[in-house]
Amino acid sequence: MSTDQILDLPGAFQPKTGTPEAWNGAYVRVEDYLRAHRVHNRLHQIRLIQTVLERAAERHAANPALDPTILAAEEI
């Protein structure tokens with residue numbers, strides 16, 4: 001499966017603003033936070049991370065000057 005196909009999957013995280021690098025950094029920060037709080041179930045982590053990033057992306061779309069990692073940290 002190519003990267004383009006993955007991005008076209010229903011439910012795939014596709015922020016309207018920000019760079020892939022910035023959102024990857026936000027993902028890593030939220031993942032680290034969950035691990036620190038002993039959320040080790042990968043499926044649960046993925047669901048939580050997607051929810052957090054989607055909420056952060058909504059806020060980022062309203063104000064693209066904000067840092068996606070900061071927004072994700074605030075959401076988590």
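## His60 and its polar contacts

The side chain of His60 comes within 3.2 Å of the backbone oxygen of Pro64, and a polar atom of that side chain also lies 3.0 Å from the backbone oxygen of Leu66; a polar contact here is a pair of N or O atoms within 3.5 Å, where within protein one must be able to donate a hydrogen and the other to accept it, and where residues adjacent in sequence count only if both atoms are side-chain atoms. The model is predicted, so that local features need pLDDT of at least 70 and side-chain atom pairs count only at pLDDT 80 or more, whereas totals for chains, interfaces and linings use all residues. Residues are numbered from 1 along each chain as its sequence is written, and side-chain values use heavy atoms, with hydrogens and water left out.

His60 belongs to helix H3, residues 42–62, and counts as buried at 3% relative accessibility (buried means under 20% relative accessible area, exposed over 50% and partly exposed in between, with a 1.4 Å probe and protein chains only). When neighbours within four places in sequence are set aside, His60 is in contact with Thr17, Gly18, Trp23, Leu66, Pro68 and Leu71, contact meaning heavy atoms within 4.5 Å.

## Overall fold

The protein has four helices and zero strands, giving the pattern α-α-α-α along the sequence; helices (H or I, at least four residues) and strands (E, at least two) are DSSP runs numbered from the N terminus. Of the 76 residues, 24% count as buried, and among contacts with a separation of 6 or more, 49% come from residues 24 or more positions apart.

## The aromatic pair

Rings of Phe, Tyr and Trp (its six-membered ring) pair if their centres lie within 6.5 Å, and planes under 30 degrees apart count as stacked, over 60 as edge-to-face and the rest as tilted. By this rule the count comes to one aromatic pair, formed by Phe13 and Trp23, which is edge-to-face with 5.4 Å centre to centre and 75° between the planes. Because Phe13 lies in the loop between helix H1 (3–7) and helix H2 (20–36) while Trp23 lies in helix H2, the pair ties together parts that are 10 residues apart in sequence.

Of the two partners, Phe13 is partly exposed at 23% relative accessibility, whereas Trp23 is buried with a relative accessible area of 5%.

Ala56 lies in helix H3 and is buried, with a relative accessible area of 0%. Not counting residues up to four places away in sequence, Ala56 touches Trp23, Leu71, Ala72 and Glu75, and its C-alpha atom is separated by 9.2 Å from that of Pro15, 41 residues away along the chain.

Gly25, in helix H2, counts as partly exposed at 29% relative accessibility. Gly25 and Pro68 are 43 residues apart in sequence, yet 8.1 Å apart in space, C-alpha to C-alpha.

## The second largest pocket

The second largest pocket has a volume of about 150 Å³, and among its 10 lining residues Gln14, Pro15, Lys16, Glu54 and Ala57 lie nearest its centre. On a 1 Å grid over the protein atoms alone, a pocket is an open set of points where a 1.4 Å probe fits, with protein on both sides within 12 Å along at least five of seven lines, and lining residues have an atom within 4 Å of a point; grid points are joined across faces, edges and corners, and the volume is the space filled by probe spheres set on the points.

The lining divides into five nonpolar, two polar and three charged residues, where Ala, Val, Leu, Ile, Met, Phe, Trp, Tyr, Cys and Pro count as nonpolar, Asp, Glu, Lys and Arg as charged, and the others, Gly among them, as polar.
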